[in-house]
Amino acid sequence: MKKTRHCCSLLLISLMIVLSAASACLGGCGTPAQPAVREVKIAVLTYDDYDTFVNSVTRHMTRWCRQKEKEDDVRITIDIVGAKKSQLTQNDQARNYIQDNYDVLCVNLVDRTDASGIIDKAVASGTPVIFFNREPVSEDLYRWDQLYYVGAIPSQSGELQARIITDALSDPDKFDGIDVNDNGTIQYVMLEGEAGHQDSLVRTSVCTNSIVNAGFSLEKLGDEYANWDRDQARAKMKELIDRYPFQIEMVIANNDDMALGALDALTECDYPLDPFVVGINGTPEALEAVRTMKMDGSVYNDAKSQGETIMEMAYALGQGLPVPDTVELTFDKYVFTPYSIITYDNVQEYLNNEND
Ligand code: GAL
């Protein structure tokens, strides 16, 4: 009796070995079977809910995830939350996502000089972080090999914005149209984004220095922060118009929303001059304003490519994989998308891309 039971067990064990070998072979003989990925959880933390450009980056992120879910047999959870401009709130949000076992964080810092609260938690829990749009200082980024930054090079946007202006000033007819008081110097006002933001500091100085280095004379009438915001820019521009009722020949804005806010103010105040107005980003409203010649130009900030690259990286890092080869890393840490010039001459191409 005992002997029969022993034989039966041996038979059962041999059968199980044969069956498991067969099923391993079905999974692909020679290649180790990959565990099926069921879900990747991605948290996206933005500095605020109301930023036009950042919202367009996150829209492209969501689109990428929905498309990827269709292509691969995977569920991607993407949760997007704004920090209402408080770094402490954002640190708490990061902690909560880590506690909820999110696989990767994509962080648009509130204060780009204060990334340590988030980095400490990420390192302790082994959660990779992709910072975007608001660039942490390099000392922070180099603290761990699972920290990255995706954005664009601010000096390039300043140079291209200057190029739009110097191209116009180099044409004698256009120069005369801009220099309405005919004194050979362009009187301008500057609308800046935020104090301490890399895109405000660098765009402002590089743009004006490049114009002067190209041999043109500039006179700054006023310089105001409007926090990237159309309404704030409109209010600040009204104050400038009150101070300089006949002098403003040019408006240089660190982004399109502020350029559009300046235009709102000029229209509402019935300003007697028609200043040259330039922005940065190439938002749909700005493209329309360039097409209808209300704005004189903008610099394209590639929200689509930034959003998609962040997701490609997050999807891989969240599964414990390296950054894909398709993503071109600079110094093993940074991805910078190129800026490009938008004027009336090429605006239709950008409008067509918007509709794709
Ligand atoms: C800049 C962009 C601005 C604003 C800012 C927020 O790159 O041009 O419009 O979105 O980022 O950090």
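Below are my entries, going from the whole chain down to a single residue.

**Ground rules.** This is a predicted model, where local features need pLDDT of at least 70, side-chain atom pairs count only at pLDDT 80 or more, and totals for chains, interfaces and linings use all residues. Residues are numbered from 1 along each chain as its sequence is written.

**Whole chain.** I looked up the secondary structure and got 13 helices and twelve strands. Helices (H or I, at least four residues) and strands (E, at least two) are DSSP runs, numbered from the N terminus. Of the 356 residues, 41% count as buried, meaning 20 or more other C-beta atoms within 10 Å of the residue's own; 12 or fewer is exposed, in between is partly exposed, and C-beta atoms are placed from the backbone. Next I checked contacts, which need C-beta atoms, placed from the backbone, within 7 Å. Among contacts with a separation of 6 or more, 73% link residues 24 or more positions apart.

**The sheet.** I traced four strands in an open, parallel sheet, ordered β7-β6-β8-β9. Two strands pair if DSSP finds at least two bridges between them. Neighbouring strands are turned by 20 degrees against each other on average, direction ignored. Helix α10 (residues 256-268) packs on this sheet and touches β6, β8 and β9, its direction making about 150 degrees with that of β8. For such angles, axes are lines fitted to C-alpha atoms (for helices, over the stretch in contact), and angles run from 0 to 180 degrees between N-to-C directions. I also looked at β6 (residues 185-192) and β8 (residues 250-253): four bridges join them. Val-189 is opposite Val-251 in β8.

**Ligand shell.** Which residues are around the ligand? I listed Asp-51, Phe-53, Val-54, Asn-133, Arg-134, Gly-193, Asp-199, Trp-228, Asn-255, Ile-280, Asn-281 and Asn-301; the cut-off is a C-beta atom, placed from the backbone, within 6 Å. Domain 1 (39-152 + 303-324) and domain 2 (155-300) each supply at least three of the shell residues; the bounds come from an automatic or database domain assignment.

**Val-107.** I found Val-107 in strand β3 (residues 104-107). Why does Val-107 count as buried? Because 27 other C-beta atoms lie within 10 Å. Leaving aside neighbours within four places in sequence, Val-107 contacts Leu-45, Ile-118, Val-129 and Phe-131. Ile-130 is 23 residues away in sequence, yet its C-alpha is 6.1 Å from that of Val-107.

How values were computed: Two residues are in contact if their C-beta atoms, placed from the backbone, lie within 7 Å.
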